[in-house]
Amino acid sequence: MQFHHHGYVSTDPRVQPAAGIGLDRPADLPDEVDVLIVGSGPAGMITAAQLAQFPDVNVRIIERRPGRLAIGQADGIQARSVETFQAFGFADHIIAEAYRISEMAFWGPDPENPSRIIRTSSPEDDPAGISEFPHLIVNQARVLDYFAQAAAFAPGRVTPDYGYELTGLTVTGEGEYPVEVTVAHTDGERSGERTIRAKYVVGADGARSEVRAAIGCTLAGQSANHAWGVMDVLANTDFPDIRTKCAIQSSAGGNILLIPREGGYLFRMYVDLGEVPEDDDHKVRSTPMAEVIRRANEIIAPYTLDVKNIAWSSIYEVGHRITDRFDDVLAEDRGTRTPRVFITGDACHTHSAKAGQGMNVSMQDGWNIGWKLGHVLDGRADEALLDTYSLERQVVAQNLIDFDKEWSTLMAKPASEFENPQAVADFYTQTMEFPAGFMTEYEPSMIVADSAQQELATGFPLGKRFKSARATKVADTNDVHIGHFHTADGRWRIYAFADAAAPGEASAMTDWAEWIANDPESPIAVHTPAGADTSSLFDIRAIYQQQHDDVWLNRVPDAFKPIVGPFELVNLENVYAALPNDDIFDIRGISRDGAVVVVRPDHYVAHILPLGATAELAAFFRGALRPASR
């Protein structure tokens, strides 16, 4: 973390200086806003936290609850989400309080006595090293707390407006604020409705979304006609893997997915309640918890479960549904007008809870639309950028539903129907990259180039998230993950991987640095607002092939040592050297002739180019961003 560049800081450095709207943020919900976010779940809160980094954007987030969420339904945190938490500044804090999954145990019927279960395997959670971040379990409420803190600490100082619910929404298409939203008070102390006008609305208001209904979208799909009881419990048991994530299959009594919770005592059980008749009319949802506990004891025999306290419980039927679009523009109208209303998370895709994807995918929805709205509203990009939200995220949601159908079907299948008793464990290990959040791969667009130059950096697939690797930060000689400095500040990252020459020598890297810093056609010259720091829109970092002892900062081009802040201080921390036994060039397949890797504000690789392709780099950013006003 870097601070002091605006003056000495002796307080919490995570609290950034207020700016723009954050300097005098109105306490009451105003009549006109740039962005109105409806719902303070994971998708809504990450959108708010991202937009709070754009202090001139007037953003408000309304929530029908009277205050913070106390008990969240979701609890699985995949590694991609922990990467995201790192970008928002709280990964270390949430890791410290979370339960960490290191392996998963699979239990099935004992072949010698099928009425009893035995452990059949315990594969590692991430044996291939998909991510340096862990797989966690932590209450959704804590995730929301941390995002709320990130939004409140950001320059825009965004905080939720509790006690409001949306009762109507109309896209008028007229004036500067073409969306009219009617809201009503829910806190009991105030009454009546009022109208708010917005430039854009983000619906993060759950599976029963009023925003979705207002723009004419419906969830389409099917139910699996299978019910599960889920409960967070404090209990005593002689089941030996009670503090290990488990998939438990019995011979006749159904199945359980066991999730240990943070804190050392609490755990969650998804208990199989069996097939639901088509004419059940949701009667299964009234199943008493005593019956769920009885079923759980039947499944884990010969072990027993003595429940002392139920912290939270629910009965649900598995369903898989998705909307045909994630914004208010019909397919036939795409490109003829700007989307004004967007839906995220459960408002546009629902599925079972057992794959642990709901909260994780919803957060990526929110981050995707958040930085794009910030770019459009502060003048960095044209409104056409907003069309990419629905195009990118709908594909991700469909892939999730396809995966979850297969996983939830396996979890509900009786053990006696499997020819291979290891089928569930095999599926878990073979598909690990998907639930970890790393299979998303965006198609070419105005913000993702084609793969013509992929061979220059094979370890950074275009359209996929930038997979970090270690290098030595030359200024302080610390070995670090270069991707961990990609914070959610709305900036693009440009990683310049050097050719073989050392700093100070004539080379393609030296020529590229001269161009990016001084040529009138470079992205810095074309897109950086007048009077702003040269690194305000692009964070440019150099990675040399030499080890750090051979990289002298005084010989490194000024392009990699930007001047920042009112005191015009030189930032020396953007220069890296390869590690001797963990060379990033080898690990990520970087050409020894050098390469430029462009990464979007949300961590996805946008372009790969040779160092000499300066015209192509300039053209890419001209297609993605507006020239700055001068």
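Two residues are in contact when heavy atoms lie within 4.5 Å of each other. The model is predicted, so local features require pLDDT of at least 70 and side-chain atom pairs count only at pLDDT 80 or more, whereas totals for chains, interfaces and linings use all residues. Residues are numbered from 1 along each chain as its sequence is written, and side-chain values use heavy atoms, with hydrogens and water left out.

Leaving aside residues up to four places away in sequence, Thr-338 touches Tyr-200, Val-329, Glu-383 and Leu-386. Thr-338 belongs to the loop between strand S16 (305-322) and strand S17 (341-343); helices (H or I, at least four residues) and strands (E, at least two) are DSSP runs, numbered from the N terminus. Its relative accessible area is 17%, and Thr-338 is therefore buried, a term for values under 20%, with exposed meaning over 50% and partly exposed in between (1.4 Å probe, protein chains only). The side chains of Thr-338 and Glu-383 also form a polar contact of 2.7 Å. Such a contact is a pair of N or O atoms within 3.5 Å; within protein, one must be able to donate a hydrogen and the other to accept it, and residues adjacent in sequence count only if both atoms are side-chain atoms.

Strand pairing was examined next, two strands being paired if DSSP finds at least two bridges between them. Strand S5 (residues 104-110) is joined to strand S6 (residues 113-121) by five bridges in the antiparallel sense. Two residues separate S5 and S6, which form a hairpin, and Trp-107 lies opposite Arg-119 in S6. Both strands are also packing partners of helix H9 (residues 423-430): its buried residues pack against S5, S6, strand S13 (245-249) and helix H8 (387-412). These buried residues are Ala-423, Val-424, Ala-425, Phe-427 and Tyr-428.

An open sheet of three strands shows the order S3-S7-S4 with antiparallel pairing. Strand S3 (76-77) and strand S4 (99-101) are at the edges, each having a single partner strand, so one side of each lacks a neighbour in the sheet. Two antiparallel bridges connect S3 with strand S7 (residues 135-137), and Gly-76 has Ile-137 in S7 as its bridge partner.

Empty space was then considered. Rolling a probe the size of a water molecule over the atoms shows where such space is left. On a 1 Å grid over the protein atoms alone, a cavity is a set of points where a 1.4 Å probe fits but cannot get out, and lining residues have an atom within 4 Å of a point. Grid points are joined across faces, edges and corners, and a volume is the space filled by probe spheres set on the points. The whole structure contains one cavity of 30 Å³ or more. Of the 13 residues that line the largest cavity, Glu-83, Phe-466, Ser-468, Gly-483 and His-603 are the closest to its centre. Helix H2 (residues 79-88) contributes the most to this lining, with three residues. The volume of the largest cavity is about 100 Å³.

Most residues other than glycine have a negative phi, and most peptide bonds are trans. The peptide bond from Ala-301 to Pro-302 is cis, with omega near 15°, and Pro-302 lies in the loop between helix H6 (289-299) and S16. His-4, which is not a glycine, has a positive phi of about 80°.

Terms used: 1 Å grid on protein atoms, 1.4 Å probe; cavity = no way out; pocket = protein on both sides within 12 Å on 5 of 7 lines; lining within 4 Å.
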